[in-house]
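Good morning, colleagues. Please turn to the sequence and the structure on the screen, and I shall take you through several local features.

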Amino acid sequence: MDTVNSERERLRFFGRITAAATHDLKNVLAIVNENAGLLEDLCALAERGQLTPDRLTHASGRIREQVKRGDGIMRRLNDFAHSTDHDASQVDLGEAALLASGLCNRVAKLHETSIKVEAETSTSVTASRFEVIRLVCGLIEAAVKATGTSGGVSVTTQAGPPSVAVAAPEGTSVETGPLAPLAESVGAEIVSSDPHHVAVRFSGA
């Protein structure tokens, strides 16, 4: 039975991505709140003439960093939410790979690994953008789980034929069997040159 293409699985994926993003946003707000408290303490020191400007600069810099981080999380989540706007459209595989890797950052951190993307943004296919992102996220998550703490995961795109490849460190094995029906539903197939290297290859642009 094809469960990966069920509405329940689509909803679970949407919920999983949203939960991860909002969890990261909560961490951002917690750090901003912590530094706001620090600024209050520094104001008290300033009233007593015991404050050096560098401490203010450091605290305000940390707040700016977290605002930038939060903005990135919100942009990705907004982009992901709009991926459901059309049943089929021109999907830039480079942009989809970048978005999928960003959405999977929390999973990578939980497995103490990282994701590196090298994308050709001129490669595009006609498909459901939501399903393409779901498929690439599935490949990345499978590679992350196979990788563990043994190294990083790399994501690349190619123009001919249009494809997104995901590689875990040599010696690992990426299990993608459950994703085959999803690949088929977007006009693609999953191919593998080695157990640690898998790709979703589309039939045409």
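This is a predicted model: local features need pLDDT of at least 70, side-chain atom pairs count only at pLDDT 80 or more; totals for chains, interfaces and linings use all residues.

Let me begin with the helices. Packed helices are described by the angle between their axes and by the distance separating those axes. Here, helix α1, residues 7–47, packs with helix α5, residues 129–147, at an angle of about 70°, and their axes lie 12 Å apart. Angles of 65 to 115 degrees count as roughly perpendicular, and α1 and α5 are therefore roughly perpendicular to each other. On the α1 side, the contact is made by Glu9, Arg10, Phe13, Phe14 and Arg16. Helix α5 contributes Phe130, Glu131, Ile133, Arg134, Cys137 and Glu141.

At the start of α3, a side-chain oxygen of aspartate 92 comes to within 2.8 Å of the backbone nitrogen of glycine 94.

Now to the sheet. Strands of a sheet pair through backbone hydrogen bonds, in either a parallel or an antiparallel sense. In this model there is an open sheet of 5 strands, with mixed pairing and the order β2-β4-β5-β7-β6. Which strands form the edges? They are β2 and β6, the latter spanning 188–194, and each pairs on one side only. From one strand to the next, the twist averages 20°. Within the sheet, β4 and β5 pair in the antiparallel sense over 5 bridges, and valine 155 stands opposite valine 166 in β5.

Finally, the backbone. The loop between β4 (153–158) and β5 (163–167) holds proline 161, and the peptide bond from glycine 160 to proline 161 is cis, with omega near -15°. Another loop, between α4 (105–110) and β2 (115–118), holds glutamate 112. Glutamate 112 is not a glycine, yet has a positive phi of about 55°. Is glutamate 112 buried or exposed? Its relative accessible area is 62%; exposed means over 50%, and glutamate 112 is therefore exposed.

How values were computed. Residues are numbered from 1 along each chain as its sequence is written. Side-chain values use heavy atoms; hydrogens and water are left out. Axes are lines fitted to C-alpha atoms, for helices over the stretch in contact, and angles run from 0 to 180 degrees between N-to-C directions. Helices (H or I, at least four residues) and strands (E, at least two) are DSSP runs, numbered from the N terminus. Angles under 35 degrees count as roughly parallel, over 145 as roughly antiparallel, 65 to 115 as roughly perpendicular and the rest as oblique. Contact means heavy atoms within 4.5 Å. Buried means under 20% relative accessible area, exposed over 50%, partly exposed in between (1.4 Å probe, protein chains only). A polar contact is a pair of N or O atoms within 3.5 Å; within protein, one must be able to donate a hydrogen and the other to accept it, and residues adjacent in sequence count only if both atoms are side-chain atoms. Two strands pair if DSSP finds at least two bridges between them.
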